[in-house]
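Please look over the sequence and the structure before reading on.

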Amino acid sequence: MNLRRETGREVVEETLSFLEETPEAPDTGVCPPALYLDPIQRRARNSALQVGGQHCYHEKDGAYTGEISPWMLKDIGCEWVIVGHSERRHVFDETGEDFAPKLKAAFEAGLNVIYCTGETADERNRGETEQILSQQLEEVVPGQWPEDRELIIGYEPVWAIGTGESATPDQAQQAHAFIRDWFREFRSESIAESLRIQYGGSVKPYNVADILAGPDVDGALVGSASLEPGTFTSLLENSITS
Ligand code: PGA
């Protein structure tokens, strides 16, 4: 969610009303830019809407001007933080070496984490999707984490983010099944079974139901379709029937 304040407020108000009127609505959260987190978090308090940061640094305290620690996110009431979003990898050149300590710090601070994975178009064309996903999981997912914290894996193929070209439901399901199998093999059966894996990349009101139909697709990470009042709630509504 990267909105100006007024539009952000509108989207949040609409979402809050939708959630209040729709008990069967899916678990819903928003991750606004850091600047708007505090007012949105305060507005969403005591509602079903969860709030998270888009990014964090791994140190608790210290002189890191411009950075936000997961403890600060927790301090204002956030429950979630995204680690490893594609733009952090591909625009800001962060790697698994950056993400692993962030993820650990986020758990220590008491946050839940959405850790994003996904291949570029070139990697997919070279048949390297599974290799890339394994690598991204291996270098960042810890052996264990606190039982009362949740790790969600985001599968966000880079070529599908912000392009309008979503992965097909089959492509999404295939990657998600691979990710679940990775957890089964390298972590545990019970983690694999309870793991929520969300697909992101051009999820829109018109394709959300088809994408969520995959048995291993447990949710969606939504970018541009959350930027317009009306569109995000349509997407939420259409996800219910799936
Ligand atoms: P998109 O963005 O829905 O616009 O493709 C997804 C994301 O930024 O995670």
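The sections below go from the overall fold to the core and then to selected elements.

## Overall form

The structure is a predicted model. Its secondary structure consists of eleven helices and seven strands. Along the principal axes, the C-alpha trace spans about 45 × 45 × 35 Å.

The protein has 242 residues and a radius of gyration of 17 Å, which agrees with the value near 18 Å that a compact globule of this length would have. Among contacts between residues at least 6 apart in sequence, 66% join residues at least 24 apart.

## Surface and charge

Of the 242 residues, 50% count as buried. The accessible surface comes to about 12000 Å², and 46% of this surface belongs to carbon and sulfur atoms.

The protein carries 20 positive and 42 negative charges.

In soluble globular proteins, nonpolar side chains tend to be buried together. In this model, the largest nonpolar core holds 57 residues, of which Tyr115, Leu151, Ile153 and Phe183 touch the most other members. Helix H8, residues 169-186, supplies the largest share of this core, with six residues. Apart from it lies another core of seven residues, including Cys31, Trp80, Ile114 and Ile152.

## Helix H11 and its partners

Helix H11 covers residues 231-240, and its buried residues are Thr231, Phe232, Thr233, Leu235, Leu236 and Ser239. These buried residues pack against helix H1 (5-21), strand E1 (28-30) and helix H10 (208-212).

## Leu19 in helix H1

Helix H1, one of the partners of H11, contains Leu19. Leu19 has a relative accessible area of 11% and is therefore buried, the cut-off being under 20%.

Not counting residues up to four places away in sequence, Leu19 touches Ala25, Pro26, Thr28, Ala48 and Leu49. One of these contacts, Leu49, is 30 residues from Leu19 in sequence, yet the C-alpha atoms of the two residues are 7.4 Å apart in space.

Conventions. Residues numbered from 1 in each chain as written. Predicted model: local features only at pLDDT ≥ 70, side-chain atom pairs only at ≥ 80, totals over all residues. Heavy atoms only, no water. Helix = DSSP H or I, 4+ residues; strand = E, 2+ residues; numbered from the N terminus. Rg over C-alpha atoms; globule rule 2.2 N^0.38 Å. Buried < 20%, exposed > 50% of the residue type's maximum accessible area, 1.4 Å probe, protein only. Contact = heavy atoms within 4.5 Å. Areas by Shrake-Rupley, 256 points an atom, 1.4 Å probe, with all protein chains shown as cover. Lys, Arg positive; Asp, Glu negative; His and termini not counted. Charge placed at Lys NZ, Arg CZ, Asp CG, Glu CD. Core = buried A, V, L, I, M, F, W, Y, C linked by side-chain atoms within 4.5 Å.
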